[in-house]
Amino acid sequence: MELPYAEPYKIKVVEPLYRSTREQREQWIAEAGYNLFNLRSDQVFVDLLTDSGTGAMSHHQWSEIMLGDESYAGSLSYYKMKDVINTLFGMPYFVPTHQGRAAENVLFSALIKEGDVVPGNSHFDTTKGHIEFRRANAIDCTIDEASDTTLYHPFKGNIDLQKLEDVFKTYPKEQIPLCIITVTCNTSGGQPVSMQNIREVSELCKKYDIPVFFDAARFAENAYFIRIREEGYAGKDIREIVKEMYSHVDGATMSSKKDAIVNIGGFLACRDKEVFEKIRMYCILYEGYLTYGGLAGRDLAAVAQGLMDGTEFDYLEARIAQVAYLGNKLKEHGIPCQEPFGGHAIFVDAKKFLPNVPKEEYQAQTLAIELYLEGGVRGVEIGTLLADRDPKTRENRYPALELLRLAIPRRVYTNNHMDYVAACLGNIYQKRDQITKGYRIVNEVPIMRHFTVELEKA
Ligand code: F0G
């Protein structure tokens, strides 16, 4: 008999989860203004809000926490991180930051000015927020295949080279401070970018003399997909693939809360001394001195170890297998999801799931609320609420994809939890025809409204 798959780790510490009744959840979600961010964590049973900062660290990482050097300047933990960043990415310069968006803030403060455009593949909301806050524009150049959830394409995070070149031809070079490749592309469903696409984007950027940066939050999951899906990479060491990916870019912002499997942290790495000299002032201004950047020494040490843990093939295989496990369970219930399944989450197609809810009443948010009510499972809307309003017209932007994201924390839940989540969604799918009403906004802010928006029943 062929032996079944089993995770390459065991559990040392456990944390209780809290069950609740539907009546309790009805009251809590109403008190939360129908915004799942406003729930207390003990009002949630299975929390798939995000895979960011929610992972379980390894015992190697916990031992690094004890070894953390808390010196204000010249911390040895900083040098540990510097070594790992240089070894893995071939980037000699870096500044630590307290998380990914802080790295964006530091980089964009140095590079972006009002009126600029920043092309990329479906920029993440904080990236777009930081660009728009500077009165610049994020231009989405993702391939069209990404917006068809049923179409198979192995690299739905890819950038359309024609769309990118059109941007380069439309705007003068002085107005395009950088191009951003998000690996994996969170907004389009945790979808990877192929090595070929990374190389071609990089060549095109070189031709027009535009710097190219990774938004590297899930770089290791991207490398895993290159290994299993792209010709020529089968069996190749993940770290070799990572090194090759980074050889094509000038730098990277990183949220260490994802693929470095820590609870807090980020950094900004670059190849060029000139770029480093431009960014370091902003690091000191916004984050802290260059050798700690808003983090404790122990956090830096845990990131350094986490980058090594997170680029182990066996770990990545277990991680991505669990995501696919949930995806396949949902498929058994006939639930429409973005396919192929992405790296960190399953994205349920809310437009197809709840066609009777008008798009003006936020289909994906409605589904997220239904899922919470059904079983205390918290997912997150990646749809119209997240897309914010157009900065000029102030009209809602309706994105091509209206998704409910079920993001899976790293090494935290078992497949029994995945079965539970799938059963909850399966029950809702059975009664989907009866769900015809969504929600309307009663209170919102102009940028990144989804975090604080308050809603009422439509
Ligand atoms: N880039 C990507 C692709 C992300 O997914 C995130 C965060 C960031 C940048 C910002 O990093 O949170 O450390 O400041 N994504 C989280 C999520 C919040 O739930 O997907 P951060």
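The radius of gyration is taken here over C-alpha atoms, and the globule rule is 2.2 Å times the number of residues to the power 0.38. For 458 residues, that rule puts a compact globule near 23 Å; the protein has 21 Å, which agrees. The model is predicted.

**Overall build**

The protein holds 16 helices and 14 strands. Its C-alpha atoms fill a box of roughly 60 × 55 × 45 Å along the principal axes. Of the 458 residues, 58% count as buried.

The exposed surface comes to about 19200 Å². Carbon and sulfur atoms supply 50% of that area. On the charge side, there are 53 positive and 64 negative side chains. The centres of the two sets lie 1 Å apart.

**Helix α8**

Helix α8 spans residues 219-229 and is mostly covered, with nine of its eleven residues buried. The buried stretch comprises F219, A220, E221, N222, A223, Y224, F225, I226 and R227. An α-helix has 3.6 residues a turn, so residues three or four places apart point the same way. What do the buried residues of α8 pack against? Their partners are the helices α3 (76-89), α7 (195-207), α9 (238-247), α11 (297-309) and α12 (313-332), plus the strand β7 (251-255).

**Strand β6 and F214**

F214 sits in strand β6, residues 212-215. Its relative accessibility is 1%, so F214 counts as buried. Leaving out residues up to four places away in sequence, F214 touches I181, V183, I198, M245, Y246, V249, G251, A252 and T253.

S122 lies in the loop between β3 (117-120) and α5 (125-133). Is S122 buried or exposed? It counts as buried, because its relative accessibility is 10% and the cut-off for buried is under 20%. The side chain of S122 makes a polar contact with the side chain of T142 at 2.8 Å. Beyond its neighbours within four places in sequence, S122 is in contact with D140, T142, C185, T187 and S188.

R397 is found in the loop between α15 (384-387) and β12 (403-407). A polar atom of its side chain lies 2.9 Å from the backbone oxygen of A387. Not counting residues up to four places away in sequence, R397 touches K128, E132, T384, A387, D388, R389, D390 and P391.

V453 belongs to the loop between β13 (439-443) and β14 (454-457). V453 is buried, with a relative accessible area of 1%. Apart from its neighbours within four places in sequence, V453 is in contact with G33, N35, N38, L385, I441, N443 and E444.

**C-alpha separations**

| Residue pair | Apart along the chain | C-alpha separation |
|---|---|---|
| F214 and Y93 | 121 residues | 15 Å |
| R397 and P340 | 57 residues | 26 Å |
| V453 and P172 | 281 residues | 37 Å |

How values were computed. Residues numbered from 1 in each chain as written. Predicted model: local features only at pLDDT ≥ 70, side-chain atom pairs only at ≥ 80, totals over all residues. Heavy atoms only, no water. Helix = DSSP H or I, 4+ residues; strand = E, 2+ residues; numbered from the N terminus. Buried < 20%, exposed > 50% of the residue type's maximum accessible area, 1.4 Å probe, protein only. Areas by Shrake-Rupley, 256 points an atom, 1.4 Å probe, with all protein chains shown as cover. Lys, Arg positive; Asp, Glu negative; His and termini not counted. Charge placed at Lys NZ, Arg CZ, Asp CG, Glu CD. Polar contact = N/O pair within 3.5 Å; in protein donor to acceptor, adjacent residues only side chain to side chain. Contact = heavy atoms within 4.5 Å.
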